[in-house]
Amino acid sequence: MATYKIYKLHFTSPLHIADRHEDNSTSLKNIQSDTLYAALMACLAKTGATIPDDGDLGFTVSSLFPYFQRGEDGKPVYFLPMPMQARMPELTNVSMAKKVKRIQWMDANLYAKVLRGESFFDGTDEYFPYIQESYLTKVSLPEDANDSKEFVKSEVSQRVTLQSRTGEEDAKPYYVDKIIFKYDSGLYFLAEGDTTLLEKALRVLAIEGIGTDRNVGFGFFDFSVDSLTLELPNDANHQVTLSLFIPESKEQLQELLDSDKVAYDFVRRGGWITTYPYTTLRKNVIYGFVPGSVFAIPQQQTGTMIGKMVNLKPEIGDLTPNHAIWRNGKSIMLPLKLK
């Protein structure tokens with residue numbers, strides 16, 4: 001058994017998470033660990049806390065994942081991203097293939113079963129009724145008026161911008177995709193290490209908001225602390241990422257890829273610098289592996305956290321920022337048994 005400290009974010013306003021295309025009409029539905037970590041670091045800096053030269057605040061966080069909760073006193077159901085090499089069922093009914101493929105999230109109890117190398121269908125149709133939209137859970141998720149069980153909803157609304165202060169030019173409509181959490185649901189993340197600075201920063205972040213469009217009231221939340229216990233395998237031969245992961249070296253990456261069961265996806269990280277007077281500059285770009293990626297376990301690896309911090313500060317002569325721009329590629333890893 002392993003118990004992880006988790007932080008539940010209950011949003012008191014809509015959330016908008018821009019992708020790298022910065023299209024307001026589309027919002028992502030979860031936040032990667034490096035974005036969360038950078039926001040926490042920025043909040044710490046505003047409190048006057050000293051930021052270590054290497055950017056390491058003493059803790060590692062997972063990406064933000066959804067949780068479902070019906071009412072303030074309801075028991076939360078924590079979801080984790082489907083490992084990319086989870087054992088899939090041998091389908092006797094081919095029409096179920098599309099439904100199975102839609103699964104993105106598994107509740108923690110079923111997730112632990114996958115970590116131990118068991119098929120969550122056990123060669124039967126037992127679990128098919130528990131596929132609810134993109135979630136696999138035995139907990140019954142309520143349906144809305146459109147017969148959807150998605151409790152993290154996307155809602156597009158129209159807004160208008162003027163091209164000048166005088167309003168003489170025609171108003172231009174644009175669309176914003178708002179993420180709404182139904183019931184008392186929200187997002188949560190796992191944390192390892194000394195969380196003293198994390199909680200100090202999180203209190204500031206809750207007031208400032210997370211995501212984009214914070215200036216119009218998006219991204220505000222309350223938070224609470226909980227724990228998540230998982231029954232992990234003792235004889236794991238692989239591992240799965242829960243955070244955005246950047247390998248420490250080419251040699252480490254080669255060892256992580258040394259298996260025919262490795263499965264992964266990666267995402268481009270970069271974006272605009274958010275500190276004045278460098279807001280017209282872009283960070284350097286790097287790619288990281290997304291949560292749910294599956295790797296081999298190198299023989300010399302110790303612990304359940306690997307990866308590195310990367311400084312994305314651009315070098316642009318006199319315009320070079322006077323501070324580091326850290327991107328956290330350290331990932332919480334869970335052991336995974338693959339047959």
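In these legends Ala, Val, Leu, Ile, Met, Phe, Trp, Tyr, Cys and Pro count as nonpolar, Asp, Glu, Lys and Arg as charged, and the others, Gly among them, as polar. The model shown in every view is a predicted one.

**View A. Lining of the second largest pocket.** The second largest pocket has a volume of about 280 Å³. Of the 13 residues that line this pocket, K75, P76, V77, Y78 and N109 are the closest to its centre. At least two lining residues are supplied by each of β4 (77-81), α3 (108-115) and β11 (221-230), and the largest share, three residues, comes from α3. Sorted by class, the lining of the second largest pocket holds seven nonpolar, two polar and four charged residues.

**View B. A nonpolar patch on the surface.** The residues M84, L257, Y264, F266, V285 and Y287 form a nonpolar surface patch, and together they have about 550 Å² of accessible area. One of these patch residues, L257, is found in the loop between α5 (250-256) and β13. With a relative accessible area of 32%, L257 is classed as partly exposed, because that class lies between the limits of 20% and 50%.

**View C. The salt bridge between D56 and K330.** A search of the whole structure finds eight salt bridges, and in one of them the side chains of D56 and K330 meet, at 3.0 Å from N to O. This pair links distant parts of the chain, with D56 in the loop between α1 (33-46) and β2 (59-61) and K330 in the loop between β18 (326-328) and β19 (331-336), 274 residues apart. The two partners fall into separate accessibility classes, since D56 is partly exposed, with a relative accessible area of 28%, whereas K330, at 15% relative accessibility, counts as buried.

View D. The side chains of R102 and E133 meet in a salt bridge with an N to O distance of 3.0 Å. Here too the pair links distant parts of the chain, R102 lying in the loop between α2 (97-101) and β5 (105-107) and E133 in the loop between β6 and β7, 31 residues apart. R102 is partly exposed, with a relative accessible area of 44%. The backbone of E133 deserves attention in this view, as the residue has a positive phi of about 60 degrees although it is not a glycine; its loop runs between β6 (131-132) and β7 (135-136).

View E. K337 forms a salt bridge with D235, and the closest N and O atoms of the two residues are 3.0 Å apart. The pair links distant parts of the chain, with K337 in the segment after β19 and D235 in the loop between β11 and β12 (238-241), 102 residues apart. Partly exposed is the class of K337, which has a relative accessible area of 24%, and D235 is likewise partly exposed, with a relative accessible area of 46%.

View F. Most residues other than glycine have a negative phi, and most peptide bonds are trans. Y183, which is not a glycine, has a positive phi of about 60 degrees, and this residue is found in the loop between β9 (172-181) and β10 (186-193). With a relative accessible area of 34%, Y183 is partly exposed. The peptide bond from Y276 to P277 is cis, with omega near 10 degrees, and P277 lies in the loop between β13 (266-269) and β14 (286-289).

View G. F65 lies in strand β3, which covers residues 65-68, and is buried, with a relative accessible area of 1%. The C-alpha atoms of F65 and L242 are separated by 9.4 Å, although the two residues are 177 residues apart along the chain. L244, for its part, has its place in the loop between β12 and α5. At 0% relative accessibility L244 counts as buried, because the cut-off for that class is under 20% relative accessible area. The C-alpha atoms of L244 and T35 are separated by 9.3 Å, and these residues are 209 residues apart along the chain.

Methods:
Residues numbered from 1 in each chain as written. Predicted model: local features only at pLDDT ≥ 70, side-chain atom pairs only at ≥ 80, totals over all residues. Heavy atoms only, no water. Helix = DSSP H or I, 4+ residues; strand = E, 2+ residues; numbered from the N terminus. Buried < 20%, exposed > 50% of the residue type's maximum accessible area, 1.4 Å probe, protein only. 1 Å grid on protein atoms, 1.4 Å probe; cavity = no way out; pocket = protein on both sides within 12 Å on 5 of 7 lines; lining within 4 Å. Points joined across faces, edges and corners; volume = space filled by probe spheres on them. Patch = residues over 30% accessible without salt bridge, like charges linked within 9 Å, V, L, I, M, F, W, Y side chains within 5 Å. Areas by Shrake-Rupley, 256 points an atom, 1.4 Å probe, with all protein chains shown as cover. Salt bridge = Lys/Arg side-chain N within 4 Å of Asp/Glu carboxyl O.
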